[in-house]
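Hi,

Here is the structure I promised to pass on.

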Amino acid sequence: MKRHLLSINDLTYDDAVLILDTAAELAKISDAPVKKLPTLRGRTVVNLFFEDSTRTRISFEAAAKRLSADVINFSAKGSSLSKGESLKDTALTLQAMGADAVIIRHSASGAPARLADQQWMTGSVINAGDGTHEHPTQALLDAFTIRKHLRPENKDLTGVKVAIVGDILHSRVARSNVLLLTKLGAEITLVAPPTLLPVGVENWPAKVAFGLDAVVADSDVVMMLRIQRERMAELFFPSEREYSRQFGLNSDRLKKLKPTALVMHPGPMNRGLEISADSADSLQSVIVEQVTNGVSVRMAVLYLLLGGAPLAAVANIESNEKVGM
Amino acid sequence: MSEISLVGGRNAAGAKINLTITDQKISDISNKVPGPGANVIDISGSIVIPGLVDLHTHLREPGKEDAETVASGARAAVAGGFTAISAMPNTDPVADTAGVVEQVFSLGKATGLCDVFPIGAVTQGQAGKQLAEILAMHESAAKVRMFSDDGHCVFDPLVMRRALEYVKMFNGVIAQHAQEPRLTIDAQMNEGEISARLGLKGWPAVAEEAIIARDILLTDHVQSRLHVCHVTTAGGVELIRWAKVRGINVTAEVTPHHLLLTDELAQSYDPVYKVNPPLRTARDVEALREGLADGTIDIVATDHAPHPTESKECEWPAASFGMLGLETALSIVVQTMISSKLMSWSDLVDRFSIAPAKIAGYTDHGNPLAIGNPANITVFNPNKSWTVNKDLAMSKSRNTPFHGMELPGVVTDVFYNGKQVLRDTKIVSVS
């Protein structure tokens, strides 16, 4: 595996499967009475968040702590975009503090790549969402969740039909998911108005639909994306009502879903806009479970990138500790 | 009286030429061999051409002297084979008054290295609202003939119309940075498959072409002169071709970087490739080369845009637009246009010296190598190559996208007004 995780393109098929398998192993830790492994003891992991994202930050923090890493949270208030401290100076500071891994969330697409490429620091860089580019660990946790429910015996997601619905243009979650889920054999349909689809989407490895009705009955997964209200002012759609009517997962569409189909959302949700409350809270919804799985998947990523003790040895420690208790 | 002879070289047409400069002028071009004791430079293997003329240079003085000064920009120009450059008005303060253009003009004179002709702003503060005092700038010591709000498109059609009309008083020209502002809010790179994948906001070709089309029609309507800065799209080339067929008085430029580089380079997220207008696709590059070869695009202009290191050593969206150009321009054009056999050396001299001097009215430049003409001359060895090293740039800045590239052709000697300002690739210190 590469030293950094900046994009799903950094992962081979085998890497992706290994992360999911490792996450499945590590998920068992989360169910144990003592939710902790000593595998990254003495390592320092920095959460470098230039954008507020409490849920992603605490998910990474929990993951690192369960692996016994030391976690430093660095909320960079200013960035070079807002004429604050430059990314370079922040990186040099973290290097001076001896960070083994930096988990970065940034409003600028490509900021993690800059951090990784410029040799300002030696640790691993993990992209926790950059601008409208990618959010690879979100895609990994989505793949993990889908596999667990729909392909529990398989390595990958061959044949799973996934509809990704909403603001594809601005969504880093959608970009990472298209790359990862297709790598794992899933079939993607992007559902959005043409204004919220990227230029050249016809060459993406995905089908496109301009309404949710066309795909709802045939999908194994409907992944709803958050629609930001400010997009309306930028003329991407005329009104919330019209958007919701055509693209929202409402009660009627919920009923048309296959009984086995999953309802997903990366959060935070706009209940009543892209997803109705009954859809979000339905039995088919795995939205809360996505959060749980996020911790396991991020543990796996940290574990594999930082080259912790082999998992077999970890398993031994685990059983020893259990014996010890 | 000073006299110097350049012997053993060839002109752009390939004919042998021994050329003698006496004081400020060319005094002899017969093939006679200078007598013993004459001051002679052997330029065997080299081509001798009229000095290059750039109509699009950013010199950053006044206001941003950490990036470039008129003097450092002039050194970069001479190293690149230019004898005249044109300072864009986006300085601080903006060159929108006679005072500022005269300051830049006199700073240029003081370098003694090349002519620095200021370009005046079209509107006050480049804000696109009120016309700047265009006539005062024209009548100043700088004798400004070309006006541009470069970096800011003169977007308001009425302001553009008035500007085009106003400069007819002295046969001036408006140089337009064609960028529809509403279609390029926060734009970062060419809009296409790569911008979509990288999550960087797109700068669509149509935003350039819509303004070019409008300005062509306005220019025709008011019978004035339009110069389109840095054309980057295949569609833009088509529109200009269309205008020229109809006899509309429009000229256009292309930059060396747009003749060579494409938006694929943005995949590194390295802002050294961030430039406005952005690097486009391979198809656009091909159309630009064809347009330059067939004369649809009249000239090469560098859009030399120095920036301090910190403006590029950051996230892509936070970085400044622009790249260095003066020192690499000739070699890039040789590689893209001559090595590819799209253009002859005579075409190159036209696009790089004769045509730009004519557009801007720089009468001492872009003249044939003939007796009595001002000795603004560049000597260039097409058989040598060199490797670009940003740390050796004459410019104060280091933001060249060509760092590490091996390029054909070395500028060895430059004469400005008869005085040697570059000797064997080294700047001659000015007394």
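Let's start with chain A and its contacts (two residues are in contact if their C-beta atoms, placed from the backbone, lie within 7 Å). Among those between residues at least 6 apart in sequence, 76% join residues at least 24 apart.

Before going on, some housekeeping: this is a predicted model, where local features need pLDDT of at least 70, side-chain atom pairs count only at pLDDT 80 or more, and totals for chains, interfaces and linings use all residues. Residues are numbered from 1 along each chain as its sequence is written, while chains are lettered from A and ligands numbered from 1 in the order in which they are written.

Back to chain A. It has 13 helices and 9 strands; helices (H or I, at least four residues) and strands (E, at least two) are DSSP runs, numbered from the N terminus. Of its 325 residues, 49% count as buried, meaning that 20 or more other C-beta atoms, placed from the backbone, lie within 10 Å of the residue's own. The C-alpha atoms of chain A fill a box of roughly 55 × 50 × 35 Å along the principal axes.

Now chain B. It is divided into domain 1 (3-48 + 372-427) and domain 2 (50-360), with bounds from an automatic or database domain assignment. How many residues of domain 1 of chain B are in contact with domain 2 of chain B? There are 28, and they touch 40 residues of domain 2 of chain B. On the domain 1 side, S17(B) gives the most, with 6 residues. That side divides into 19 nonpolar, 7 polar and 2 charged residues. Here Ala, Val, Leu, Ile, Met, Phe, Trp, Tyr, Cys and Pro count as nonpolar, Asp, Glu, Lys and Arg as charged, and the others, Gly among them, as polar.

S1 (residues 3-10) and S2 (residues 16-22) of chain B run antiparallel, joined by 6 bridges. They form a hairpin with 5 residues between them, and B:Gly14 in the turn has a positive phi of about 95 degrees. S2(B) is also joined by 3 bridges to S3 (residues 25-28) of chain B, again antiparallel. That hairpin has 2 residues between its strands, and B:Asp23 in the turn has a positive phi of about 55 degrees.

Elsewhere in chain B, an open sheet of 5 strands has the order S9-S10-S13-S14-S15, with parallel pairing. Its edge strands are S9 (146-147) and S15 (299-300) of chain B.

Cheers

Note on methods:
Buried ≥ 20, exposed ≤ 12 C-beta atoms within 10 Å, placed from the backbone. Pairing = 2+ DSSP bridges.
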